[in-house]
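Please read the following report alongside the sequence and the coordinates. It begins with one side chain and then widens to the chain.

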Amino acid sequence: MAQDLPGDPAAGASLAREVCAQCHLVAEDQLIDPAVGPSLLEVAQHPGTTELSLRAFLQTPHATMPNLILTPEETDDVISYLLSLKGE
């Protein structure tokens, strides 16, 4: 699924580790689960998680999250990474 998307899943994984891991579990090999926000691994596995739902979520401010401003390329990369986790 992620192979058909724009974006680089490896770059998205790197960005998630850099930016999202402060509050979310972003990879199985992450040493500490901060448990502030939901596990992005669980988010990826949710049946309702799609490119469109992730794109809408990442572009909408949330009261419980920092104001994360991603470039269009970073957004594509993170979405590609998260959707690459769906089959795992």
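This is a predicted model: local features need pLDDT of at least 70, side-chain atom pairs count only at pLDDT 80 or more; totals for chains, interfaces and linings use all residues.

Local features need a pLDDT of at least 70 and side-chain atom pairs count only at pLDDT 80 or more, whereas totals for chains, interfaces and linings use all residues. Residues are numbered from 1 along each chain as its sequence is written, and side-chain values use heavy atoms, with hydrogens and water left out.

His 24 lies in the loop between helix H1 (9-20) and helix H2 (40-45); helices (H or I, at least four residues) and strands (E, at least two) are DSSP runs, numbered from the N terminus. Leaving aside residues up to four places away in sequence, His 24 touches Gln 30, Pro 34, Gly 37, Pro 38 and Leu 40, contact meaning heavy atoms within 4.5 Å.

How many disulfides does the structure hold? There are 0, a disulfide being a pair of cysteine sulfur atoms within 2.5 Å. Cys 20 is in none, and the nearest cysteine sulfur, that of Cys 23, is 8.7 Å away, which is too far for a bond.

The table lists relative accessible areas, with buried meaning under 20%, exposed over 50% and partly exposed in between (1.4 Å probe, protein chains only).

| Residue | Relative accessible area | Class |
|---|---|---|
| Cys 20 | 14% | buried |
| Cys 23 | 27% | partly exposed |
| His 24 | 13% | buried |

Turning to the chain, there are 4 helices and 0 strands, and along the sequence the pattern reads α-α-α-α. The radius of gyration, 12 Å, is close to the 12 Å that the globule rule gives for 88 residues, so the chain is as compact as a globular protein of that length; this radius is taken over C-alpha atoms, and the rule is 2.2 Å times the number of residues to the power 0.38. Along the principal axes, the C-alpha atoms fill a box of roughly 30 × 25 × 25 Å.

Of the 88 residues in the chain, 35% are buried, and among contacts with a separation of 6 or more, 57% come from residues 24 or more positions apart. The chain exposes about 5600 Å², with 59% of it supplied by carbon and sulfur atoms.

Terms used
Accessible areas come from the Shrake-Rupley method with a 1.4 Å probe; for residues, only the protein chains shown count as cover.
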